[in-house]
Amino acid sequence: MSKYSYEEELAAVELVVTENLSTYEAAKVSGIPRAPILRWVERYKQFGPEGLLIKHGSYDGAFKISVIEYMHDNNLSLF
């Protein structure tokens, strides 16, 4: 289980993506260390909001399908 909720992760990412704050500024505002915010922003940019649901370990079939559909809809590849 993650230390932060999906809502907390999304709020921190939106500070960077929507509010154009740096990850340093987002860390100060949110009270969350910069390192996880960097990971979350990268996942968000790559997979959209569903990317924040990625956790270490295995993923269920529904999540895998949603990632593939997102990649297909946005003409993304693994490379």
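This is a predicted model: local features need pLDDT of at least 70, side-chain atom pairs count only at pLDDT 80 or more; totals for chains, interfaces and linings use all residues.
Which hand does the crossing of H2 and H3 have, right-handed or left-handed?

Taken along the principal axes, the C-alpha atoms of the protein fill a box of roughly 35 × 30 × 20 Å. The protein has 79 residues, of which 30% count as buried. If one looks at the contacts between residues at least 6 apart in sequence, 38% of them join residues that are at least 24 apart.

H1 has 12 residues and reaches 16 Å from its first C-alpha to its last, which is close to the 16 Å expected at 1.5 Å a residue. Within H1, the residues Glu9, Leu10, Ala12, Val13, Leu15 and Val16 are buried, and the buried residues of this helix pack against H2 and H3.

The next step is to see how the helices are placed against each other. Two packed helices are described by the angle between their axes and the distance between the axes. Helix H1, made of residues 6–17, packs with helix H3, made of residues 34–47, at an angle of about 75°, and their axes are 9 Å apart. Because angles of 65 to 115 degrees count as roughly perpendicular, H1 is roughly perpendicular to H3. On the H1 side of this contact stand Glu9, Leu10, Ala12, Val13, Val16 and Val17, which meet Ile37, Trp40, Val41 and Tyr44 in H3. Sorted by class, the residues of the contact of H1 with H3 are nine nonpolar, no polar and one charged.

Helix H2, which covers residues 23–30, also packs with H3: the axes of H2 and H3 come within 9 Å and cross at roughly 120°. Here is the answer to the opening question, for the crossing of H2 and H3 is right-handed. In this contact Thr23, Tyr24, Ala26, Ala27 and Ser30 of H2 meet Arg34, Ile37 and Leu38 of H3, and the residues of the contact divide into five nonpolar, two polar and one charged.

Key. Residues are numbered from 1 along each chain as its sequence is written. Side-chain values use heavy atoms; hydrogens and water are left out. Axes are lines fitted to C-alpha atoms, for helices over the stretch in contact, and angles run from 0 to 180 degrees between N-to-C directions. Helices (H or I, at least four residues) and strands (E, at least two) are DSSP runs, numbered from the N terminus. Angles under 35 degrees count as roughly parallel, over 145 as roughly antiparallel, 65 to 115 as roughly perpendicular and the rest as oblique. Contact means heavy atoms within 4.5 Å. Ala, Val, Leu, Ile, Met, Phe, Trp, Tyr, Cys and Pro count as nonpolar, Asp, Glu, Lys and Arg as charged, and the others, Gly among them, as polar. A crossing is left-handed if the near helix is turned anticlockwise from the far one by less than a right angle, and right-handed if clockwise. The expected span of a helix is 1.5 Å times one less than its number of residues. Buried means under 20% relative accessible area, exposed over 50%, partly exposed in between (1.4 Å probe, protein chains only).
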